[in-house]
Amino acid sequence: MHPYMMFFFFIALALGTSITAMSSHWLLAWMGLEINTLAILPLMAQHYHPRAVEATTKYFLTQATAAATLLFASLTNAWLTGQWDIQLMTHPVPTTLAIAALSMKLGLAPLHTWLPEVLQGLNLSTGLIISTWQKLAPFILLIQIPTANQQLLILLGVMSSLVGGWGGLNQTQLRKILAYSSIAHLGWMILILQFSPTLTLLSLITYLIMTTSAFLAFKYNNTTDINTLATSWAKAPLITATAPLLLLSLGGLPPMTGFLPKWLILQELTKQELPATAVFMALTALLSLYFYLRLSYAMTLTVTPNNLATTTPWRLNTPQTSMPLALFTLTAIFTLPMAPAIMALLNF
């Protein structure tokens, strides 16, 4: 793709998210989501491969269905209450429809089945955009919707955490593992959304940092499955030493950065008199931690087989820049010591 065209599509992505973030009218918010969807489609299909075309088609159909449902919910709310304002959606029927539509856009369980298949058909750069930037606009809308239906959000959060941890156990493809990781992390954010939106924002920021670091590390090593992780020691020994820290941080293992939002969410759940939910979420976090430990083991404690059908990695010089990877890695590893300052800044 021509650099000018790629720059234009990135500008359109930023414009769509900005329109959704700054709008209080449902029609403008829906328009921003549509601009986001139309801008990402050419980036997904730029590699002329059947898997990329299939992933683009699946993504388009899913996002179109979610957008149609969201527009129907906003029209129903305007018909029932006479209001187009996002924060004045008070009727339970359009509120439930809007939450379901935004959950489909985010990939929350049980509306998650498109996300692993779409990510598997894309390269790591486009998958990074799908897993990070494309989550911002639906989350902005979810935060603004009045959370009167608490049982629905708790159900979505618990199911997403369970499906995200359970689905990633038997995977060998890194992009599918990162997709199920995204589903599990989004479940934690949705669960606490109705009780502490600030804590949801903190969880979202830490998720974006850690996921970006993981995608950049895998992209730098040009690895897409667990078997090729064993060649990382020959390509980049320093990344081989730091990537397990990133993966364990994604799993929420203390004293890594990913432990911070999970610890605060469990603490908030106990304050809201939901001890059973807190225990269940802690147990589902162990499922996610297992496949992160599996990836760490494959990267650091295994040797590549002799018959691996890949290019000899230590003979090649990579043209990639390592500055973004270094910045996000340092941020993902050393954020937890700054937790008191972050909590004071966010007025916890």
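1. Starting in helix 3: Lys 58 and Glu 54 both sit in this helix, four residues apart, about one turn (helices being DSSP runs of H or I, at least four residues, numbered from the N terminus). The two form a salt bridge with closest N and O atoms 2.9 Å apart; the term here means a side-chain nitrogen of Lys or Arg within 4 Å of a carboxyl oxygen of Asp or Glu. Lys 58 is partly exposed at 29% relative accessible area. For the cut-offs, buried is under 20%, exposed is over 50% and partly exposed is in between, with a 1.4 Å probe and protein chains only.

2. Before going on, a caveat: this is a predicted model, where local features need pLDDT of at least 70, side-chain atom pairs count only at pLDDT 80 or more, and totals for chains, interfaces and linings use all residues. Residues are numbered from 1 along each chain as its sequence is written, and side-chain values use heavy atoms, with hydrogens and water left out.

3. Arg 51 and Glu 54 are three residues apart in helix 3. Both are partly exposed, Arg 51 at 34% and Glu 54 at 36%.

4. The whole structure has three salt bridges. The one between Glu 117 and Lys 176 has its closest N and O atoms 3.5 Å apart. Glu 117 lies in helix 5 and Lys 176 in helix 9, so this pair ties together parts 59 residues apart in sequence. Glu 117 is partly exposed at 30%, while Lys 176 counts as buried at 18%.

5. Now helix 6, residues 124-131: seven of its eight residues are buried, so the rest of the structure largely encloses it. Among the buried ones are Leu 124, Leu 128 and Ile 130. Their cover includes helix 1, helix 2, helix 3, helix 5, helix 9 and helix 10, where contact means heavy atoms within 4.5 Å.

6. Helix 1 is worth a look too. Its buried residues are Phe 9, Ala 12, Leu 13, Gly 16, Thr 17 and Thr 20. They cover an arc of only 125° around the axis, which puts them on the same side of helix 1; the arc is taken over directions from the helix axis to the C-beta atoms. On the other side, Pro 3, Tyr 4, Phe 7, Phe 8 and Met 22 are exposed. The buried set packs against helix 2, helix 6 and helix 7.

Note on methods: Helices (H or I, at least four residues) and strands (E, at least two) are DSSP runs, numbered from the N terminus.
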